[in-house]
Amino acid sequence: MLDRLPFLIGLRYVRAKRRNHFISFITLTSMLGLMLGVAVLILVLSVMNGFDHELRTRILGMVPHTKIESRTGMVEWESLAAQLMERERVIGAAPFVEQQGMFSVGGRNEGAMVNGIHPDWEDRVSIIGRHMQQGGLDDLQPGEWNIVLGSILARRLGVGVGDTVTLLVPEASITPAGVFPRLKRFTVSGVFSVGADLDAALAYANIEDMQTLARLGDAVGGLRLELDDLFLAAAETRSIVNELGPGYRGIDWTFSHGNLFQAIQMEKRMIALLLTVIIAVAAFNIVSTLVMVVTDKHADIAILRTIGATPRSIMGIFIVQGLAIGVIGILVGVALGVLLALTISDIIDGVESLFGIQFLDAGVYFISNLPSRLDWTDVRDIVAAALGLTFLSTLYPAWRAAKVQPAEVLRYE
């Protein structure tokens with residue numbers, strides 16, 4: 001019977017109506033603090049996981065994991081692609097010609113990177129084909145001078161499918177009449193949207209058309225590679241360049257978007273640390289609750305000691321009571337946090353539609369919607385941390401209860 005004493009009395013103290021309303025208020029505050037801290041931490045980490053996932057699938061789905069270029073031009077690119085595809089980490093390869101330029105339509109000017117691609121090879125290294133709003137990559141046939149624009153770029157230029165745009169490239173053409181900038185008129189054959197800042201900065205044309213515009217002849221700018229693990233891109237790029245020799249160079253995704261990914265990871269860790277402090281504050285509110293309960297229950301503790309309860313049993317009573325308070329707050333917080341994490345995107349979309357506002361601008365925040373991706377590992381770690389802090393907060397009050405001397409208390413009863 002005495003072995004069950006801490007659980008029976010500890011849980012009873014939680015359920016019982018208190019004569020001291022202030023103690024009840026502090027108990028409720030502790031529960032609410034833990035609930036809100038756990039819920040907010042789950043929600044924020046889910047949103048950060050969502051940003052991380054969007055970075056990997058959208059932005060890094062459009063940006064090559066690594067690019068291999070040749071200083072003298074890459075003519076026999078098909079044989080090189082076949083050679084690189086034999087490597088364990090390489091799962092896709094496609095040729096490209098990149099050209100920075102400026103689009104001009106009716107007095108509107110927008111800069112963008114134009115990628116010359118091979119429509120039959122592009123799906124091996126990019127998700128562009130799965131995000132076409134209008135048209136398709138198959139419309140990029142050689143000699144037709146068609147172009148696919150990002151949705152934001154097309155909107156800024158005020159063009160759609162069937163319209164023409166003029167591309168000016170930063171190279172001059174020398175003619176008998178003088179020096180003129182090189183330009184070419186394209187027909188918009190498609191519009192893509194990945195919901196990221198790339199929609200404002202990228203365009204796609206046929207690789208043969210871009211070879212002609214860049215005066216490369218039969219050479220391509222290089223090969224874009226897709227790897228099975230994007231976090232090994234830097235090491236794999238160095239290995240490929242060392243294998244190919246001094247005439248080649250490699251550029252992996254960390255040069256263009258590595259800082260963004262590192263920033264998201266750093267923010268995730270710092271936000272988790274700060275919100276854990278909130279949980280710690282709420283958990284240690286239990287200290288004040290239990291200290292007041294111990295003071296209020298001195299007579300009960302003394303009676304229990306006189307009928308045979310050990311100091312260890314007395315400690316167990318208040319540890320059980322503190323853990324019960326913490327577990328209730330944590331469980332409610334987990335339920336609320338998981339619910340918000342699963343629905344926050346829909347909630348934000350509803351608020352945006354209702355008030356006609358946009359919280360995230362793709363040109364600023366890289367994506368246009370608030371992503372959320374619940375990771376049960378994060379939930380497990382949050383619950384473990386909250387329970388650990390709650391347990392630590394019960395030790396001092398429980399130790400004080402165990403030190404109560406029955407003779408001193410009962411002398412005045």
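My entries follow, going from the whole chain down to single residues.

**Ground rules**

I am working with a predicted model, in which local features need pLDDT of at least 70 and side-chain atom pairs count only at pLDDT 80 or more, while totals for chains, interfaces and linings use all residues. Residues are numbered from 1 along each chain as its sequence is written, and side-chain values use heavy atoms, with hydrogens and water left out.

**The whole chain**

I started with the elements: the protein chain has 12 helices and 10 strands. These are DSSP runs numbered from the N terminus, with helices being H or I of at least four residues and strands being E of at least two.

Next I looked up burial. Of the 413 residues in the protein chain, 48% count as buried. Buried means under 20% relative accessible area, exposed means over 50%, and partly exposed is in between (1.4 Å probe, protein chains only).

Then contacts, meaning heavy atoms within 4.5 Å. Among contacts in the protein chain with a separation of 6 or more, 80% are between residues 24 or more positions apart.

The protein chain exposes about 20,600 Å², and carbon and sulfur atoms supply 58% of that. Accessible areas come from the Shrake-Rupley method with a 1.4 Å probe; for residues, only the protein chains shown count as cover.

**Salt bridges**

How many salt bridges does the structure hold? I found 7. The term stands for a side-chain nitrogen of Lys or Arg within 4 Å of a carboxyl oxygen of Asp or Glu.

I went to Glu-236 and Arg-87, which form a salt bridge with their closest N and O atoms 2.8 Å apart. Glu-236 sits in helix 6 (residues 233–244) and Arg-87 in the loop between helix 3 (77–85) and strand 2 (90–105), so the pair ties together parts that are 149 residues apart in sequence. Both Glu-236 and Arg-87 are buried.

Arg-87 has another partner: its side chain meets that of Glu-243 in a salt bridge (2.6 Å, N to O). Glu-243 is in helix 6 and Arg-87 in the loop between helix 3 and strand 2, so this pair links parts that are 156 residues apart in sequence. I noted 16% relative accessibility for Arg-87, which counts as buried, and 46% for Glu-243, which counts as partly exposed.

I also checked Arg-89, which forms a salt bridge with Asp-228, the closest N and O atoms being 3.2 Å apart. Arg-89 lies in the loop between helix 3 and strand 2, and Asp-228 in the loop between strand 9 (220–227) and helix 6, so parts that are 139 residues apart in sequence are tied together. Arg-89 is partly exposed at a relative accessible area of 30%, and Asp-228 is partly exposed at 42%.

Which residues do shared partners join into one network? Arg-87, Glu-236 and Glu-243.

**Surface patches**

I looked up a negative surface patch and found Asp-120, Asp-123, Asp-138, Asp-139 and Glu-144 in it. Patch residues have over 30% relative accessible area and no salt bridge; like charges are joined within 9 Å, and nonpolar side chains (Val, Leu, Ile, Met, Phe, Trp, Tyr) within 5 Å. Lys and Arg count as positive and Asp and Glu as negative, with His and the chain ends not counted. A charge is placed at NZ of Lys, CZ of Arg, CG of Asp or CD of Glu.

Asp-123 is in the loop between strand 3 (108–117) and strand 4 (132–134), and is exposed with a relative accessible area of 52%.

Met-266, Met-270 and Leu-273 make a nonpolar surface patch of about 290 Å². Met-270 lies in helix 7 (residues 254–296) and counts as partly exposed at 40% relative accessibility.

**Loop residues**

Gly-107 is in the loop between strand 2 and strand 3, and at 65% relative accessibility it counts as exposed. Gly-107 and Leu-157 are 50 residues apart in sequence and 9.1 Å apart in space, C-alpha to C-alpha.

Last, I turned to phi. Most residues other than glycine have a negative phi. Trp-145 has a positive one, near 55°. Trp-145 is found in the loop between strand 4 and strand 5 (146–150). Is Trp-145 buried or exposed? Trp-145 is buried, with a relative accessible area of 17%.

Arg-215 has a positive phi of about 60° and is not a glycine. Arg-215 lies in the loop between helix 5 (207–214) and strand 9, and counts as exposed at 57% relative accessibility.
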